[in-house]
Amino acid sequence: MRAVIVAAFVAFALTMALTPLAAKLFRRLKAGQPIRTDGPQTHLAKAGTPTMGGVVFILTTVLAYVSGHLVLMALPESVDGVTFNRPTGFTATGIVLIGLFVACGFVGFIDDWLKIRRKHSGGISGRAKVFGLTIAAIVFGFMAVYYTGSIDSRDISETVATPFISFTGKDVDFLNVTKIGMVVVIVLLVNATANGVNLTDGLDGLATGASMMAFLAFMIIGFWQYRHWCGGAQPADNLCYDVRDPLEIALIAGAGAGAMFGFLWWNTSPAQIFMGDSGSLSLGALIAGLAFASKTILLLPIIGALFVITTASVMIQVTSFKLTGRRVFRMSPIQHHFELAGWSEVTIVVRFWIIAGIGVAIALGFFFADFLRIAG
């Protein structure tokens, strides 16, 4: 647990310190966020606010992950004769999750850079964005499903992801989609979650706070799986989780949560910096990655309930307009509907955070209820 706490604190401290410096630098470089003219008119006042804040927390999350490993390396391998099967170096799970995080952040960075260069809210096309996310998901999806070796010194022959879709990681035989099918599932998950976070990132602090809650959920799930891990010191037959590197999951999720907590200080209303697509796409990809690494894919829509609701509002709006010529909402995504209805931005953000928190609480309830069911 010490490594997870250190990683979260390092991510928080670095993000708190570096974000205002990045905001000043981006302001000098005139890297301001272009605002859509067809959006809420109140947003026009935000034009010129520095963007690409995602670059900061991608960097700090990676550095925090490394710092967590330094702590793991310093811990004793055994206590009172009990040997702990901790990772002694960077693992396949870490490489897959961090690689996916950085790669999808790079896709978003290109989009942000083109918006700034063109001084227009349109960056790369939607198809190009999906293509970039898909390539990243395919590369790391194949590594997650097919790579069975070990990058660190442990003797491990498991893959990061399996062909099975499950709720909690214990019902591993819930649905077998085959290995190639799981790669397809990973591609769909990454695209859906990345775009869900991207659509939610429309108000100051909204996506940041919701992502932080999702990371906290996976940190708890990962650490619980590590404490009841089949590869741990004292696995208990029917109560252990057959997950490759649960401590890595907790470590990376903790680093992500700490980075979001630090970034929220500067991103809350009125935002001094926006995360940009470099931030939202990377966050969504990492959240999806944590789900398939922890074998909790079917919990992902509940943990990311706010992202699902936001995405669904856009789909409903587009479908309704194409079929009937009428709009269901005054504007989509749904947070803008409430803006036009007269709600203040802070009110919307706080109430949507509550929705996100409820989703996380329900998901964790399902997760622990399944454990108690088996234990009982």
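Analyst: Leaving aside its neighbours within four places in sequence, Gln 225 is in contact with Thr 168, Tyr 241, Val 243, Pro 246, Ile 249, Ser 294, Thr 296 and Phe 367; contact here means heavy atoms within 4.5 Å. This is a predicted model, in which local features need pLDDT of at least 70 and side-chain atom pairs count only at pLDDT 80 or more, whereas totals for chains, interfaces and linings use all residues. Residues are numbered from 1 along each chain as its sequence is written, and side-chain values use heavy atoms, with hydrogens and water left out.

Gln 225 belongs to helix H6. Helices (H or I, at least four residues) and strands (E, at least two) are DSSP runs numbered from the N terminus. With a relative accessibility of 0%, Gln 225 counts as buried. The classes are buried for under 20% relative accessible area, exposed for over 50%, and partly exposed in between, with a 1.4 Å probe and protein chains only.

The structure holds 13 aromatic pairs. Rings of Phe, Tyr and Trp (its six-membered ring) pair if their centres lie within 6.5 Å; planes under 30 degrees apart count as stacked, over 60 as edge-to-face, and the rest as tilted. The ring centres of Trp 224 and Phe 371 lie 5.2 Å apart with an angle of 85° between the planes, so this pair is edge-to-face. Because Trp 224 lies in helix H6 (residues 206-227) and Phe 371 in helix H12 (residues 345-375), the pair ties together parts that are 147 residues apart in sequence. Trp 224 is partly exposed at 26% relative accessibility, whereas Phe 371 is buried at 8%. Phe 367 and Phe 368 form an edge-to-face pair as well, with 5.3 Å from centre to centre and 80° between the planes. In that pair, Phe 367 is buried at 0% relative accessibility, while Phe 368 is partly exposed with a relative accessible area of 24%.

Arg 351 lies over the face of Trp 343, at 4.7 Å from the ring centre. The criterion is that NZ of Lys or CZ of Arg be within 6 Å of the ring centre and within 35 degrees of the ring normal.

Charged side chains also meet one another. Side chains of opposite charge can pair when their charged atoms come close. The structure holds 6 salt bridges, each defined as a side-chain nitrogen of Lys or Arg within 4 Å of a carboxyl oxygen of Asp or Glu. One of them joins Asp 245 and Arg 244 at 3.0 Å, N to O, and both of these residues are buried. Elsewhere, salt bridges that share partners join Asp 111, Lys 115, Lys 129 and Asp 277 into one network. Within it, Lys 115 meets Asp 111 at 3.2 Å, N to O; the two lie 4 residues apart, about one turn, in helix H3 (residues 92-118). Lys 115 is buried at 11% relative accessibility, and Asp 111 is buried at 1%. Asp 111 also meets Lys 129, at 3.7 Å, N to O. This second bridge links distant parts of the chain, since Lys 129 lies in helix H4 and Asp 111 in helix H3, 18 residues apart.

Helix H4 (residues 126-146) gives 6 residues, the most of any element, to a nonpolar patch. The patch on the surface consists of Phe 131, Ile 135, Ile 138, Val 139, Phe 142, Tyr 146 and Ile 180, with about 640 Å² of accessible area together. Patches are made of residues with over 30% relative accessible area and no salt bridge, joining like charges within 9 Å and nonpolar side chains (Val, Leu, Ile, Met, Phe, Trp, Tyr) within 5 Å. Ile 180 is found in helix H5 (residues 179-200) and is partly exposed at 47% relative accessible area.

For the chain as a whole, the secondary structure comes to 12 helices and 4 strands. Of its 376 residues, 55% count as buried. Among contacts between residues at least 6 apart in sequence, 76% join residues at least 24 apart. The accessible surface comes to about 16300 Å², of which 67% belongs to carbon and sulfur atoms; areas come from the Shrake-Rupley method with a 1.4 Å probe, and for residues only the protein chains shown count as cover.
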